[in-house]
Amino acid sequence: MNAPARVPRHIAIVMDGNGRWARARFQPRSFGHNAGRKAVREVIEGCVRQGVEALTLFAFSSENWQRPEDEVSALMSLFLRALDKEVDELHAQGVRVRFIGELSGFGAELQQRMRGAMERTAGNTRLNLNIAVNYGGRWDIVQAARQAARAVARGELAADALDEAALGRWICLADQPPLDLFIRTGGERRISNFLLWQAAYAELYFTDTLWPDFDQASLAEAIDDFARRERRYGRTSEQLAAAPPP
């Protein structure tokens, strides 16, 4: 196992490949989405064991509404069932659940279940589990800019004082550790509008493994790869050797 300092504090995952996994088995895409729940449980358990502080999963993007209506409906049903079945176990494990994204885009029942899960687990500290639903990185930056504009209008912030640190206060997950490791399964090599602001200095890790096949061993491989990388943040290797980042 890696030394604690080399374990990422915050991991984000684009869980890609459910549909292709199902198609290879001559099953509907919803079959793959359901199978992906096992991988979610595996990764959560792996993060808890490794000492990761925060895990952010891309469950449903703002662009996913464009998918076939039957698939979107199946995904919404899956969310409801998963909330009913998984929250008790997550709470017992000390996992804090948070949903990020434009939650108003969902039906009232699903919004109520999400709020209930967040309220019930709010005091947990073992792992921050952030589930991005109806989320987009550009949306995140825009909503932060709107909040900053409102603060300026109220006289709470001078326009000239608006810098990265000030705007960053309103970006989703600002209260959690910076994103260290960005994982995408399924073989694609892009970030697909996920955590654009937060991923500025994250290490990117792409794997051909389809999401339902991603397990704790797969997670350990990604963390081992992260541990071997030199994170310079614009500095030289020599500068890092003289004064490593905190």
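Modeller: Let me begin with a polar contact, which is a pair of N or O atoms within 3.5 Å; within protein, one must be able to donate a hydrogen and the other to accept it, and residues adjacent in sequence count only if both atoms are side-chain atoms. This is a predicted model, in which local features need pLDDT of at least 70 and side-chain atom pairs count only at pLDDT 80 or more, while totals for chains, interfaces and linings use all residues. Residues are numbered from 1 along each chain as its sequence is written, and side-chain values use heavy atoms, with hydrogens and water left out.

Colleague: What makes the pair of His10 and Pro177 a polar contact?

Modeller: A polar atom of the His10 side chain lies 2.8 Å from the backbone oxygen of Pro177, and that value is within the 3.5 Å limit. His10 belongs to strand E1, residues 10-14; strands (E, at least two residues) and helices (H or I, at least four) are DSSP runs, numbered from the N terminus.

Colleague: Why is His10 called buried?

Modeller: Buried means under 20% relative accessible area, exposed over 50%, and partly exposed in between, with a 1.4 Å probe and protein chains only. His10 has a relative accessible area of 2%, so it is buried.

Colleague: How do you know that the span of helix H4 agrees with its length?

Modeller: The expected span is 1.5 Å times one less than the number of residues. For the 14 residues of H4 (residues 108-121) this should give 20 Å, and the end C-alpha atoms are 20 Å apart, so the two agree. The buried residues of H4 are Leu110, Met114, Ala117 and Thr121. They cover an arc of only 60° around the axis, which puts them on the same side of H4, the arc being that of the directions from the helix axis to the C-beta atoms. On the other side of H4, Ala108, Gln112 and Glu119 are exposed.

Colleague: What makes a set of residues a nonpolar core?

Modeller: The set must consist of buried Ala, Val, Leu, Ile, Met, Phe, Trp, Tyr and Cys residues joined through side-chain atoms within 4.5 Å. The largest such core has 37 residues, and Ile11, Leu55 and Phe99 are among those with the most contacts inside it. Helix H2 (residues 29-50) gives the most to this core, with five residues.

Colleague: Why is Ser192 called partly exposed, and why is Leu195 called buried?

Modeller: Ser192 has a relative accessible area of 28%, which falls between 20% and 50%, so it is partly exposed. Leu195 has a relative accessible area of 0%, and is therefore buried. Phi of Ser192 is near 50°, a positive value in a residue other than glycine.
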